[in-house]
Amino acid sequence: MVLETQNLTKQFNGKGGFKEVTLFVEKGKVFGFLGPNGAGKTTFVKTMVGFLHPTSGFAWILGKPIGTVESREKVGFLPENFRYHDWMTGKELLSFHAELYKIKNPGKKIDELLELVKLKGHENKLIKNYSKGMQQRIGIAIALLNDPEIVFLDEPTSALDPVGRIEVREIIKQLKSQCKTVFLNSHLLSEVEMVCDEVAIINHGRVIAQGKLDDLLKEHTHVEMVITDYTPELIEKISRLSKEFQFKENKLSFKVEDREKIPIIAKMVIEAGAKLYQLNTQTSSLEDLFINLIGKDEIS
Amino acid sequence: MITIIKYTFKEMLKKRAFLLASLLSLLYLSIYAFGLSRIFERPSDSIYDIIFQSEILSAGLFFANLIVAFLVVLTSVNAISGEIESGTIYSILSKPIKRYELVLGKFIGLSIMIVLYSSIMFLSVVGLNIWFGSKISFGWDNILKGLFFFDLGPIVFLALIIASSSIFSTINTGIIAIMAYGIALVGGVLEQIGTAIQQSQVSAFGLKSGESLINAGIITSLILPTDVIYRKMTAELLTQSSGISFMMTQGLFGGMSQPSIYMFIYIFFYVVFLLYYGVKRFSQRDL
Ligand SMILES: Nc1ncnc2c1ncn2[C@@H]1O[C@H](COP(=O)(O)OP(=O)(O)OP(=O)(O)O)[C@@H](O)[C@H]1O
Ligand SMILES: [Mg+2]
C-alpha cells in the first residue's frame, strides 16, 4: 500500500477540514479525490505531506507515518496555491529543489523535465516573469524531480490552457505506466474520468463514496425498455427493483444500482409473457454520479 | 540545511533591501570620513584631544551599529513568515527536510551575511580613525575583541527576529524588533545616567534614583541585550587601549557601567533559548 489512512481527522477548532477518512491507495494507481469547494481535499493533501498536524487517526505513506522526514522521501507535491521563489530563474529554481532533495548531478533530470512540461527555452527567465500557467508547469516539474513513488497533485491544471490540460493528462498516464502512484485532487470530473482508476468523493469533510471508478459508475446504470403485452404486476415488480422509475405508454425508463439486475429484469419480462422490443443501457457519467451523491448527502 | 544556508545568502545578495543598506552605509562612511578629515586638520596633543577623539570614534561606531541593526531588521523580519505568507514554504517543507533545518539554515545564512557586513562597517570606522591620525593607540587584540562584540550584538538581535518570524507575521515581527531595539537603547542610556548619578554621589536621593535607573537598564537588557553588548564592545576597544579608562569611556556613546560576566552567560542562553523556542513553535504550527 502506497498510501493508507485510518480514521484520519483534521479539524480547525472543531470545524472544517476532514473527518474519519479511511483510504487505501495501491501502487501504480491514479487516485482521484473529488469533492465540492471547501470539502476538505486540500486539507487532506496538506496533512499527508506534513503541513498540518492531524487531530486524530493515523496515516502512512510507503509504510512511514506521515509528518516524518522519511515519509516525504519519495513524495512529489504540487500545492494548490503554487508559488515559487521568483528571484530565481527556472533553471536555478529546479537546481535549488534538486539540492533540497539531495539529488546529485541533477542536470540531465532538469533538462528532461523542462522538456516534459514544455518550458524549454524559458529556463533562463526569472520566475517573476513567468505566466501563471508557466509557474504551474514548473511546479509540476518540481513535483517530479526526485522520481517520486507517489505524487500529490492539488488541482494541477487550474491555470493551464486546454492543450496544457491534455499534456498533464499524458504526464499522469506516463507516470502510471512507470508504476508510479498519483493522488489527484480535482473537481474537473471529465478529466478525472479519463485518467483515474479509483476515486473517493468527499463532502463536508466526509468520504461519501469510494472505490474503482468503473464499479462506481456501473452502480448507476440507466435503462430504457420498450415492451408490450405486459401486466400491471410486471410493471409493479420492475419498479420495485429500480430507481427513478418512469413509465409512459410502452416505454420504461429507470436506473439500477447493480448491472446484474438488468438480465434479471429482462428474464422477468419474458417469463411474464410480455414482448420485449428494445433494451438500452447507458452507464452514467462521473458527473451524474457526483451530482447524485452530493445531492443525496445534502438531503441526509 | 547547507542548501538553505546557501540560498538564504544568495537571496540576500539579490534583494533590494541589501542594496539599499549597502548604499546607505557607503554614504554614511563617506560623510564620516569627510568629518574626520576636518577634525584632524588641526594638530592635537593634549589629553583633552584624545578624549575628544575617542568620542568621535564612539559616535562613529554607534551610528555604524545602528545602520547594521537597520539592515538586520530589513533583511530578516520576513525570513520565515515571508515564506509562509507568499506560499513558497509549501515547495520547501514538502521535501524530506525538518522544519528546524529551515529556521536554523536561515539563521546561519543571515548570520554569515550580517557578520561580514558588520565587520566591514566596524573595520571601516576604526580604519578611518587610524588613517586620519587618531592619537588613540589601538592594540590588535583590542580591535579583535571590539570586532567580536560589535558583531555579536546584531547576531543576538537576529536570533530574536528569527524566533519571532517563525511564530508571528512579518508585520508583527517588524514591530517586535523595532520596539525591542528601541527599549534596549533607551534602557542603556538610563543605566548610563544612573551610573553617572551614583558615581557623582551628590546626595542620598541621587544615589537612590541612580540605582533605580540602573535597575531599569538591567531589565531592558534582559529583554534585548544588544546595548549591553555594545557597551562591552566600546570598553574592550577603548578602556585598555591607553590606560586612562575612566575618562575615555565617558559620555553618551561610551560605556561607563560595564556588563558583568553573568550578563554574558545570560546572553548565551538568550540566543539558544530563542532559537529553540522559535523552532519548537514553528514545528508545531499548521501551515
Ligand atoms: N487553516 C484553516 N483554518 C480554518 N479552517 C480551514 C483552514 N483550512 C481549511 N479550512 C476549512 O476546511 C474546509 C476544507 O477546506 P479545503 O481547502 O480543504 O477545501 P477544498 O476541498 O480543497 O476546496 P477547494 O475545492 O475550494 O479547493 C473549509 O471549510 C475551510 O474553510
Ligand atoms: Mg483545494
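1. About 2,600 Å² is buried between chain B and chain A, and carbon and sulfur atoms give 60% of it; buried area here is the accessible area (1.4 Å probe) that two parts lose on being put together, summed over both. On the side of chain B, the residues that lose the most area to chain A are B:Tyr7, B:Lys95 and B:Pro96, together 25% of what that side buries.

2. This is a predicted model, in which local features need pLDDT of at least 70 and side-chain atom pairs count only at pLDDT 80 or more, while totals for chains, interfaces and linings use all residues. Residues are numbered from 1 along each chain, chains are lettered from A and ligands numbered from 1 in the order written, and side-chain values use heavy atoms, without hydrogens or water.

3. The contact (heavy atoms within 4.5 Å) takes 27 residues from chain B and 26 residues from chain A. Two salt bridges are counted between the chains, a salt bridge being a side-chain nitrogen of Lys or Arg within 4 Å of a carboxyl oxygen of Asp or Glu; one salt bridge joins the side chains of A:Lys10 and B:Asp286, at 2.5 Å from N to O.
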